[in-house]
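Dear colleague,

I am handing over the structure below, and the notes after it go through what was found. Please read them with the structure open beside you.

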Amino acid sequence: MTDNENLEQLMAIHTEQLFRIAYYYTKDLQLAEDIVQDVFIKFYHQKHYEERGEMKAYLARMTINKCKDYLKSWTYRKITFQHKFFTKQKSVLHDTLILQDEQDLLDEAILRLPIKPREAIVYYYLEEMTIKEIAELLEIPEGTVKSRLRKGKELLKVDLQNIEWEVLFHG
């Protein structure tokens, strides 16, 4: 298999998961796509990669690092300031459209979480990773993962307490 065929196979397998990771960090569809594309480009150009573990975890780590680098960047801070300052009406309309579906309500609540509890919630519930896998991926103790999950659930419970979930009434 050529390098291009290997890359295409990796992209077919991992793009969706990496996109979700990038989106939950950045909260921006276009930016998440760009980050995933950058991750694959960087991976393709790496000459020293050795298969030491699971490719999924390696690419996820690359995506997380790229997202964190972006969130620390001046570009992100500038865009965030402009968005808050200039587009209040646009975000209200956007929120109204997003919140029409119950899944979207939950996704939005997850996106409102601080980054540390958010990443624990996303990996545990949406990516169905174990606490041990999350701890290894984020390079933190398992107890810290459990604390972040507990904090994330508490914050979600408070955020979602006034919503009447249709799914509970039509079981």
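I begin with T26, which is buried, with a relative accessible area of 8%; here buried means under 20% relative accessible area, exposed over 50%, and partly exposed in between, with a 1.4 Å probe and protein chains only. T26 belongs to helix α1, residues 3–26, where helices are DSSP runs of H or I with at least four residues, numbered from the N terminus. A polar atom of the T26 side chain lies 2.8 Å from the backbone oxygen of A22.

Before going further, please note that this is a predicted model, in which local features need pLDDT of at least 70 and side-chain atom pairs count only at pLDDT 80 or more, while totals for chains, interfaces and linings use all residues. Residues are numbered from 1 along each chain as its sequence is written, and side-chain values use heavy atoms, with hydrogens and water left out.

Salt bridges come next. The count comes to five salt bridges, a salt bridge being a side-chain nitrogen of Lys or Arg within 4 Å of a carboxyl oxygen of Asp or Glu. One of them joins the side chains of R20 and E127, at 2.8 Å from N to O. Because R20 lies in helix α1 and E127 in the loop between α7 and α8, this pair ties together parts that are 107 residues apart in sequence. R20 counts as partly exposed at 27% relative accessibility, whereas E127 counts as buried at 10%.

Another salt bridge is formed by the side chains of D159 and R112, at 2.7 Å from N to O. This pair links distant parts of the chain, with D159 in helix α9 and R112 in helix α6 (residues 102–112), 47 residues apart. D159 is partly exposed at 34% relative accessibility, and R112 is partly exposed at 46%.

R148 and E119 also form a salt bridge, in which the closest N and O atoms are 3.3 Å apart. Here too distant parts of the chain are linked, since R148 is in helix α9 and E119 in helix α7, 29 residues apart. R148 counts as buried at 15% relative accessibility, and E119 counts as buried at 6%. Salt bridges that share partners also join E16, R20 and E127 into one network.

On the surface, Y124, Y125 and L126 form a nonpolar patch with about 250 Å² of accessible area together, an area that comes from the Shrake-Rupley method with a 1.4 Å probe, only the protein chains shown counting as cover for residues. Patches are made of residues with over 30% relative accessible area and no salt bridge, like charges being joined within 9 Å and nonpolar side chains (Val, Leu, Ile, Met, Phe, Trp, Tyr) within 5 Å.

A patch of negative charge on the surface gathers E54, E133, E136 and E142. Of these residues, E133 has its place in helix α8, residues 131–138, and is partly exposed at 37% relative accessibility.

Finally, two loop residues deserve a look at their backbone. E128, in the loop between α7 and α8, has a phi near 55 degrees, a positive value in a residue other than glycine, and is exposed at 65% relative accessibility. E139, in the loop between α8 and α9 (142–160), has a positive phi of about 60 degrees although it is not a glycine, and is exposed with a relative accessible area of 64%.

With kind regards

How values were computed
Lys, Arg positive; Asp, Glu negative; His and termini not counted. Charge placed at Lys NZ, Arg CZ, Asp CG, Glu CD. Polar contact = N/O pair within 3.5 Å; in protein donor to acceptor, adjacent residues only side chain to side chain.
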